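Welcome, and thanks for taking a look at this one with us. Please open the structure beside the text and follow along as we go.

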Amino acid sequence: MTTGRGLILAVETSCDDTCVAIVDRRGEMLANVISSQGIHDRYGGVVPEIASRHHLRLLGPALAQALADAAVSLDDVELVAATQGPGLVAALLVGFSAAKALAASRRLAFAPVDHLHGHVAASWLEPDPFEPPFLALLASGGHTLLADVRGHDWESVRVLGQTLDDAAGEAFDKGARMLGLGYPGGPALQRLAAGGDPHAYDFPTARRLTGLDFSFAGLKTALLYKLRDLGEVEAERRRADLAASYQRAIVEALTIRVRRGLERTGHARLAVGGGVAANGPLRESIAALGTELDIPPRELCTDNAAMIASAARFTRPLEFPHYLQQDVYATGERQLQAA
Ligand code: KG4
Ligand code: ZN
């Protein structure tokens with residue numbers, strides 16, 4: 001069954017990006033196509049039904065683009081992989097079903113990959129792989145968690161803590177919206193904050209949580225109350241200070257838990273992923289911890305299929321036809337590696 005170049009073709013459609021990548025067994029990327037739908041901004045967030053319809057339209061062209069970018073054909077593909085969950089079910093179903101069908105039509109093996117395993121595996125791609133063991137911080141619009149990464153397979157990745165409510169990116173987006181900024185709010189809030197005083201206001205960092213879990217709901221409410229107390233005119237005048245103080249609270253909440261995570265695991269190495277990893281003050285704050293640090297390039301930090309292919313290298317593949325009855329999952333139940 002091993003054909004041509006033994007390549008892995010991966011599909012990721014857990015949220016609003018339609019992604020197809022081609023990666024070889026060593027983790028070298030031949031193609032990494034990310035089709036951003038760009039239609040959710042007007043709704044202030046991702047609408048699942050709209051996302052899934054766009055995945056249907058974009059997946060075929062994304063696949064063709066990936067094959068063209070890599071200058072290979074489907075005959076060169078040995079293994080097909082796709083994100084199984086967690087994510088939006090309607091969105092996951094499109095990519096997962098298409099990938100299974102593609103594998104089945106060629107009697108290829110298929111690897112169902114957990115999305116979070118994928119984010120961690122982004123660090124293992126060439127040309128500069130950052131190998132386990134390490135502590136991983138993932139902070140995006142959809143998830144915020146710390147993981148102890150002891151090896152390459154999903155069984156060796158242990159989630160130490162995660163958000164009890166909003167994700168860090170969501171906290172940025174919601175705060176930005178309250179301050180009258182557009183979606184996604186993170187970059188806009190960072191820009192506004194650059195002209196403000198981060199110590200103007202003391203927003204909460206969920207200190208009462210002494211473990212490794214995160215919580216951003218209280219912070220969001222604190223900003224809401226502060227805006228109300230200040231009144232429209234004063235709030236408008238202090239917008240940059242509010243943004244800077246709000247950002248400081250998120251950065252501190254993340255940094256405190258990373259420091260704790262490093263202490264508790266004994267790791268001296270840290271990988272950071274997710275869209276929030278683009279945040280300047282967060283990068284500075286984490287760099288100041290003095291650990292050996294890996295932050296993959298932005299296109300590998302945000303949702304992409306190359307990271308799914310990377311994780312597939314360390315996932316036991318299912319032979320045809322044993323994957324046909326595999327289904328997607330919405331929430332973070334650890335995928336049982338089906339035998
Ligand atoms: O990983 P990602 O692209 O996709 C999702 O999981 O949705 O993360 C997007 C999130 C958004 O919430 C966005 O506001 C945030 O990452 N983000 C940032 C910055 N750039 C993107 N947050 C803070 N500062 C940034 N510079
Ligand atoms: Zn993600």
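This is a predicted model: local features need pLDDT of at least 70, side-chain atom pairs count only at pLDDT 80 or more; totals for chains, interfaces and linings use all residues.

The protein is divided into domain 1, made up of 7-125 + 301-338, and domain 2, which covers 134-295. Their C-alpha centres lie 27 Å apart. In the contact, domain 1 takes part with 19 residues and domain 2 with 23 residues.

Together, the two domains bury about 1,800 Å² between them, and 64% of that area is on carbon and sulfur atoms. What about charge pairing across this contact? Between domain 1 and domain 2 the count is 0 salt bridges.

## The enclosed cavity

Rolling a probe the size of a water molecule over the atoms shows where empty space is left. Here the count comes to 1 cavity of 30 Å³ or more, and the largest cavity has a volume of about 110 Å³. It is lined by 17 residues, of which His 119, Val 120, Leu 137, Val 272 and Gly 273 are the closest to its centre. The elements that give two or more residues to this lining are α3 (115-121), β6 (134-139), β7 (144-149), β9 (269-273) and α9 (298-301). Strand β6 provides the largest share, with 4 residues.

Now for a space that is open: the second largest pocket has a volume of about 150 Å³. Its lining has 13 residues, and those closest to its centre are Leu 125, Glu 126, Pro 127, Pro 297 and Leu 300. By class, the lining of this pocket has 8 nonpolar residues, 1 polar residue and 4 charged residues.

## Salt bridges

Side chains of opposite charge can pair when their charged atoms come close. How many salt bridges does the structure hold? The count for the structure is 16.

One of them joins Glu 49 and Arg 53, with the closest N and O atoms 3.1 Å apart. Both residues sit in helix α1 (residues 48-70), and because they are 4 residues apart there, about one helical turn separates them.

## Backbone details worth a look

Gly 196 has its place in the loop between α5 (185-193) and α6 (217-237). Although Gly 196 and Ala 240 are 44 residues apart in sequence, their C-alpha atoms are 4.3 Å apart in space. Leaving aside neighbours within four places in sequence, Gly 196 is in contact with Ala 240, Asp 241 and Ala 244.

Two cis peptide bonds can be found as well. The bond from Pro 132 to Pro 133 is cis, with omega near 5 degrees, and Pro 133 lies in the loop between α3 and β6. The bond from Phe 320 to Pro 321 is also cis, again with omega near 5 degrees; Pro 321 belongs to the segment after α10 (306-312). Finally, Ala 71 has phi near 55 degrees, a positive value in a residue other than glycine. You will find Ala 71 in the loop between α1 and β4 (77-85).

Terms used:
Residues are numbered from 1 along each chain as its sequence is written. Chains are lettered from A and ligands numbered from 1 in the order in which they are written. Side-chain values use heavy atoms; hydrogens and water are left out. On a 1 Å grid over the protein atoms alone, a cavity is a set of points where a 1.4 Å probe fits but cannot get out, and a pocket is an open set with protein on both sides within 12 Å along at least five of seven lines; lining residues have an atom within 4 Å of a point. Grid points are joined across faces, edges and corners, and a volume is the space filled by probe spheres set on the points. Domain bounds come from an automatic or database domain assignment. Contact means heavy atoms within 4.5 Å. Buried area is the accessible area (1.4 Å probe) that two parts lose on being put together, summed over both. A salt bridge is a side-chain nitrogen of Lys or Arg within 4 Å of a carboxyl oxygen of Asp or Glu. Ala, Val, Leu, Ile, Met, Phe, Trp, Tyr, Cys and Pro count as nonpolar, Asp, Glu, Lys and Arg as charged, and the others, Gly among them, as polar.
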